[in-house]
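Subject: Structure for you to look at

Hello,

Here is the structure I promised to pass on. My notes follow below it.

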Amino acid sequence: MFHLNENDKKAIKTVLDIKEYNEENFDPAILDQLENDPKILSLLKEHGGKLLSDSRYLQLTKFIQHGDVTVYQHCIHVALCALKFDARFNTGADLGALVRGALLHDYFLYDWHDGSAPGNIHPKLHGFYHPGIALKNAVKDFNLSLREKDIIKKHMWPLTINPPRCREAWIVCVADKYASTLETLKLKKGIIAIDYAESL
């Protein structure tokens, strides 16, 4: 699908080398900073605004990801973290693909906590199967680039056997795990306050 050139390899190595993000740096206030960073929010709106207001995409507000965080909120957090990583490490990612892939990475459209929920066909193996389900749903509802497809399909690596094949997918793979950690820590201190469905 993709042939990694030297710039891709350098960007991937940079993103995976996250020594600065040790336990002491997993401060839940980082989400507050990202949620209020005008430059990052501007990029999110520029590249993901149409998607965020699409009635099909807004279905994600109905499903919970972690604690009180909806899948919609979680996907936005992943996109914000991915944009921050790109800016911090100067990866040269395709920002359109990065944002759209991040926003659609969990477009599985069911309550994964409920084993009998429609669409939850592998309730005990959600982590392994939901990337494929999200990709199938996203392809049905939206036009996707090859990079966006790779982001969605590979974001749970190493649970997905095949690793990401583009820098954007590597960034979202790391951003997803980072955002999930921040959400979990923040939920211990209270719910995430921003209602993105209203504010964007």
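Contact here means heavy atoms within 4.5 Å. Among contacts in the chain between residues at least 6 apart in sequence, 69% join residues at least 24 apart.

Some ground rules. This is a predicted model, where local features need pLDDT of at least 70, side-chain atom pairs count only at pLDDT 80 or more, and totals for chains, interfaces and linings use all residues. Residues are numbered from 1 along each chain as its sequence is written, and side-chain values use heavy atoms, leaving out hydrogens and water.

The chain has 9 helices and 2 strands (DSSP runs, H or I of at least four residues and E of at least two, numbered from the N terminus). Their order is α-α-α-β-β-α-α-α-α-α-α. Of the 200 residues, 50% are buried (under 20% relative accessible area, 1.4 Å probe, protein chains only).

The largest nonpolar core has 50 residues. Such a core is a set of buried Ala, Val, Leu, Ile, Met, Phe, Trp, Tyr and Cys residues joined through side-chain atoms within 4.5 Å. Leu 44, Tyr 57, Leu 103, Leu 104 and Tyr 107 have the most contacts inside this core. H4 supplies its largest share, 12 residues.

Leu 104 is worth a look. Not counting residues up to four places away in sequence, Leu 104 touches Leu 51, Tyr 57, Ala 134, Ala 138, Phe 142, Leu 144 and Ile 152.

Leu 104 also belongs to the meeting of H3 and H5. On the H3 side are Leu 43, Leu 44, His 47, Gly 48, Leu 51 and Leu 52. Their partners in H5 include Leu 103 and Val 99.

Best wishes
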